[in-house]
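Please look over the structure shown here. The briefing that follows covers helix packing, an aromatic pair and backbone details.

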Amino acid sequence: MDALIVDDEELMTDLLETVVAGLHPAMVVHKAYSVRQAMEYWQQRKPDFLIVDWNLPDGSGLDILRKVREQDRAVPVVMITGRTDRDSILKAAHYGISGYISKPFRIDMLHQRLLDMVGHILPEEDSTSLQDLLAQGLETVIQVPTTTDVSAILELMERKNELSVAELAEAWRSDASLCSRLLDVANHYSFRRTGKAVTTVRDAVSAMGVPMALNQGLALALDVSASFSSDILRSCAADFQALAVSVATEVQKVALALGKASPRYYTAGLLSRMGELAVLKVMDHYLREGGSLTEDAVQEGLRNWAQSYGNRLKVQWCLPLELRQLIGAVHYLSRENVMQDHLIMRTGALLAGGDSNGAECLRLLRQLGLENWQESAARQQQKHEEGTDD
């Protein structure tokens, strides 16, 4: 089903996108930043659900509501606004608003209110095949399951005024899905504002601010399909999460051994298994709709679709080409590619996979000048932990 979010504040629009996409795995979210854009989309697609801000650059959300109601009296339209006075609420009610939510709002309460409002129009169980569902998933807003518990994020929110950018980035540095969503939002925002890319989690948190980063984290954690419903998928997800962290850690060690301490390497390693996690999430949706999966079917689906989902996510997140290439090098590197950054990524991936004595890994270590890898890695890691690296 299609949802349209209309708000001229980019970070707010991205936050609402995270919340709405988490209401149902089949939700396709689109965004507009003005009355004109919203009405153009309405005429083209007739979305099933709209969230509209009151104040827009070229008019009012009430203008959208009025025009929509001229054609459709039933489609849910929710107004989100800072207006809390009685006259504004009555005016919105007069035009046939479905729900009225005042800013500022709590993410968990917003999630529940939207679920209550639109639960009756969410798709019913159907007989869609797994292959069809995976193909459809590439057209939606892809969110990967987070390992961070809602209660842990709520605890962080209790002390958001004293929480620094560095502390929050460190707290979430091993949660690949949270990091990916923060980079996604920050890059959309940064590109629109400055044309520059964000390549690290710390920079992402800094770009959007600690409070908005926390809201994004909570919205993602509240995704109704985030918790896997089968042992097979749960185990696979845990393995890929652990592998992503291991790749990030090994890549960082290799970089440090060469005197390069850029956090880009860690970020790229952390994002290297997002395609697999996204595929597992779609498979979980398939199970929840009454489908069945064997372990062989899960592995086949991962082989056939993980790369497509990974590539789609790189585009969705607006990752800069440099970071995309670093992620790609984790999975494959031609013998002709001698770029040191790419050699670092591939070497770290092989080390994380336990292939330190394999022919490819040994060749790459020689190319990097790290024949005595174990001794060099231990020495540089100690320096890094002591804060004395260059």
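In which crossing, left-handed or right-handed, does α2 pass α3? The crossing of α2 past α3 is right-handed; a crossing is left-handed if the near helix is turned anticlockwise from the far one by less than a right angle, and right-handed if clockwise. The model is predicted: local features need pLDDT of at least 70, side-chain atom pairs count only at pLDDT 80 or more, and totals for chains, interfaces and linings use all residues. Residues are numbered from 1 along each chain as its sequence is written, and side-chain values use heavy atoms, with hydrogens and water left out.

**Helices α2 and α3**

- Helix α2 (residues 35-45) and helix α3 (residues 61-71) have axes that come within 10 Å and cross at roughly 20 degrees. Axes are lines fitted to C-alpha atoms, for helices over the stretch in contact, and angles run from 0 to 180 degrees between N-to-C directions.
- The two helices α2 and α3 are therefore roughly parallel to each other (angles under 35 degrees count as roughly parallel, over 145 as roughly antiparallel, 65 to 115 as roughly perpendicular and the rest as oblique).
- Val35, Ala38, Met39, Trp42 and Gln43 of α2 meet Asp63, Ile64, Lys67, Val68 and Gln71 of α3, where contact means heavy atoms within 4.5 Å.
- The residues of this contact of α2 with α3 divide into 6 nonpolar, 2 polar and 2 charged.

**Helices α12 and α14**

- The axes of helix α12 (residues 231-257) and helix α14 (residues 274-288) come within 10 Å and cross at roughly 170 degrees.
- α12 and α14 are therefore roughly antiparallel to each other, and α12 passes α14 in a left-handed crossing.
- On the α12 side, Leu233, Cys236, Ala237, Phe240 and Gln241 meet Glu276, Leu277, Leu280, Met283, Asp284 and Leu287 in α14.

**Aromatic pair**

- The structure holds 1 aromatic pair, formed by Trp305 and Tyr309, which is edge-to-face at 6.5 Å centre to centre, with 70 degrees between the planes. Rings of Phe, Tyr and Trp (its six-membered ring) pair if their centres lie within 6.5 Å; planes under 30 degrees apart count as stacked, over 60 as edge-to-face and the rest as tilted.
- Trp305 and Tyr309 both lie in helix α15 (residues 295-316), 4 residues apart, about one turn of the helix.

**Backbone details**

- The peptide bond from Lys103 to Pro104 is cis, with omega near -10 degrees.
- Lys46 has a positive phi of about 50 degrees although it is not a glycine.

Terms used
Nonpolar A, V, L, I, M, F, W, Y, C, P; charged D, E, K, R; others polar.
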